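This note sets out several points on side-chain contacts and surface features for the attention of a colleague. Please read the points alongside the coordinates.

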Amino acid sequence: MCQAAGPILPHSFLFGHIITIAKISIKNKIPREGQGHWIFRYIKREYPEIAGQGIVYMDVWPIGYPMIAVYHPDIMAQFTQEHSLPKFWAMGKVEFGPFTGGEDLVNLDGQEWKQARSMFNPGFSAKNLLSLVPDMIEEVLIFRERFRKTAAYGGVIKLEDYTTDVTVDIIGRAVLGTRLETQNKPNRLMATMKSQLGLIYFELNLAKQLNPILPFKHRRYNRIIQDELKPYILNTAQNYEKIEGPKTIVALALKSYVNETQDYAARGNIPPEFIDRIIKHIKIFMFAGHDTTATVLAYIYYLLGNHPDKAAKLCAEHDEVLGPDPAAAADLIRADPTLLNKMPYTIAIFRETLRLFPPVGGSIRQSSPGHFLTHPKTGVRYPTHGFMIHSSVSTLLRDPEYWPDPDSFVPERFTLRDETDPLYPAKNTWRPFEMGPRNCIGQELVSIEIRLILALTVREFIVEGAYPEDALSWMGDKAYQINKPELSATAHIKDELPVRIRSRK
């Protein structure tokens with residue numbers, strides 16, 4: 001292990017901090033499948049004086065990498081906002097290596113990342129995304145019809161499956177400009193992508209690491225995905241001028257190439273390395289874009305079902321912005337997508353849900369020799385080289401030091417304008433999309449999707465959790481976040497969130 005020079009938990013020469021973490025897990029009855037990013041919250045609870053110093057050095061070899069868990073929001077800002085450090089090497093080389101080779105917008109660094117971000121920024125701009133809302137509406141209306149059919153027969157469904165399907169279809173429209181029809185039938189592209197995601201790993205996983213067939217599977221899946229995506233890229237490049245109306249995210253990313261290649265015939269001969277690079281970016285967009293949005297949307301329905309007073313306020317806002325007839329909402333939004341910008345309480349519900357159930361536990365970075373993090377109050381400097389630096393965002397988002405009544409669903413926090421109000425979010429504390437130049441490029445797309453879907457459904461349906469009475473509860477909830485290794489390292493919902501859907505009429 002690298003030499004730690006700062007706050008450290010009780011340590012074993014042979015087992016590092018694994019025994020300490022195991023004891024914390026047993027004492028707090030953390031479920032076996034419970035999402036791993038919450039362990040940092042329990043560490044802070046068990047060792048408040050150590051974690052209260054802002055960071056904790058941790059040794060979890062051979063399961064994971066030597067790391068620094070960062071708890072203080074202003075220390076997080078030092079390596080994500082004030083000086084954006086590179087992503088930790090294992091993300092691109094180990095976790096996403098077989099998936100994208102680390103050559104994607106999440107894992108690239110330096111000038112390559114800047115060029116890629118610049119290429120995709122226009123497509124992810126709020127103005128462009130709002131122009132794509134009419135296409136998104138078609139997919140949301142299918143989702144709404146599925147809700148109607150479910151409400152009619154009254155059975156239990158797995159809500160996360162439904163929200164995943166609609167977000168995949170919206171991503172297909174926004175990124176590729178095509179109808180993937182995942183809500184209607186199996187989709188080869190997404191089925192292959194999910195199969196490949198089930199093979200990736202970040203920390204110790206002997207079953208995968210020692211599997212000799214894994215490299216062959218990755219090659220096969222990469223070939224299938226490339227065959228599925230390549231026609232969209234070629235068609236967009238060759239027919240760019242013929243595309244009527246709004247441009248998709250990929251179309252705008254290809255704009256510079258199209259402008260440089262005026263010969264239409266030549267556009268069909270895009271350099272293979274350029275196509276490969278675009279495909280890797282698309283893969284990470286489709287993975288991150290649908291995976292996290294789907295779980296957040298499902299949790300919103302669940303929380304609204306548990307808090308009818310909040311649901312009533314949300315419905316009242318939609319009545320005010322869209323009129324009292326829910327059936328007219330789709331046409332009104334289609335005619336004027338900027339109506340989605342007039343829903344502050346809807347946005348507050350979105351933000352509060354992300355605070356309670358962040359899909360990703362935080363960012364992980366690395367530093368060069370001689371780099372230090374400094375506690376903003378004490379001035380103590382902590383060396384970082386050789387460690388994986390982890391911003392423990394999930395812990396921060398429920399930290400009572402910064403969030404009064406941290407485990408309660410209080411969307412009103414995000415409607416306040418008075419900075420002296422105790423509920424007003426403190427600086428640097430709300431960061432589920434991270435902050436700084438490496439913040440999530442797709443956060444505006446997620447926000448627009450959520451606002452649109454809620455605007456077309458919440459006034460018509462009530463969603464009620466349908467867990468068995470004796471189902472295990474953790475962190476005060478049966479719908480707790482779990483690890484789902486067959487999909488990815490992001491958080492999912494226990495049992496895909498079983499619910500019943502009722503009509504409000």
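1. The charged end of Arg-355 sits over the ring of Trp-403, at 5.3 Å from its centre. A charge is counted as sitting over a ring when NZ of Lys or CZ of Arg is within 6 Å of the ring centre and within 35 degrees of the ring normal. Arg-381 likewise lies over the face of Phe-372, 4.0 Å from the ring centre.

2. The model is predicted, with local features requiring pLDDT of at least 70 and side-chain atom pairs pLDDT 80 or more, whereas totals for chains, interfaces and linings use all residues. Residues are numbered from 1 along each chain as its sequence is written, and side-chain values use heavy atoms, with hydrogens and water left out.

3. The count of aromatic pairs comes to 22, where rings of Phe, Tyr and Trp (its six-membered ring) pair if their centres lie within 6.5 Å, and planes under 30 degrees apart are stacked, over 60 edge-to-face and the rest tilted. The rings of Phe-147 and Phe-461 have centres 5.4 Å apart and planes at 85 degrees, so this pair is edge-to-face. The pair links distant parts of the chain, 314 residues apart: Phe-147 belongs to helix 9 (residues 133-153) and Phe-461 to strand 8 (residues 461-465). Helices (H or I, at least four residues) and strands (E, at least two) are DSSP runs numbered from the N terminus. Both Phe-147 and Phe-461 are buried; buried means under 20% relative accessible area, exposed over 50%, and partly exposed in between (1.4 Å probe, protein chains only).

4. Tyr-299 and Phe-357 form a stacked aromatic pair, 3.8 Å centre to centre with 5 degrees between the planes. This pair also links distant parts of the chain, 58 residues apart, with Tyr-299 in helix 17 (residues 272-306) and Phe-357 in the loop between helix 20 (344-356) and strand 4 (364-365). Tyr-299 and Phe-357 are buried.

5. One aromatic cluster is formed by Phe-143, Phe-147, Tyr-162, Tyr-301 and Phe-461.

6. How many disulfides does a search of the whole structure find? The search finds zero, a disulfide being a pair of cysteine sulfur atoms within 2.5 Å. Cys-315 is buried, with a relative accessible area of 13%, while Cys-440 is partly exposed, at 32%.

7. Leu-14, in the segment before helix 1 (18-27), is exposed, with a relative accessible area of 64%.
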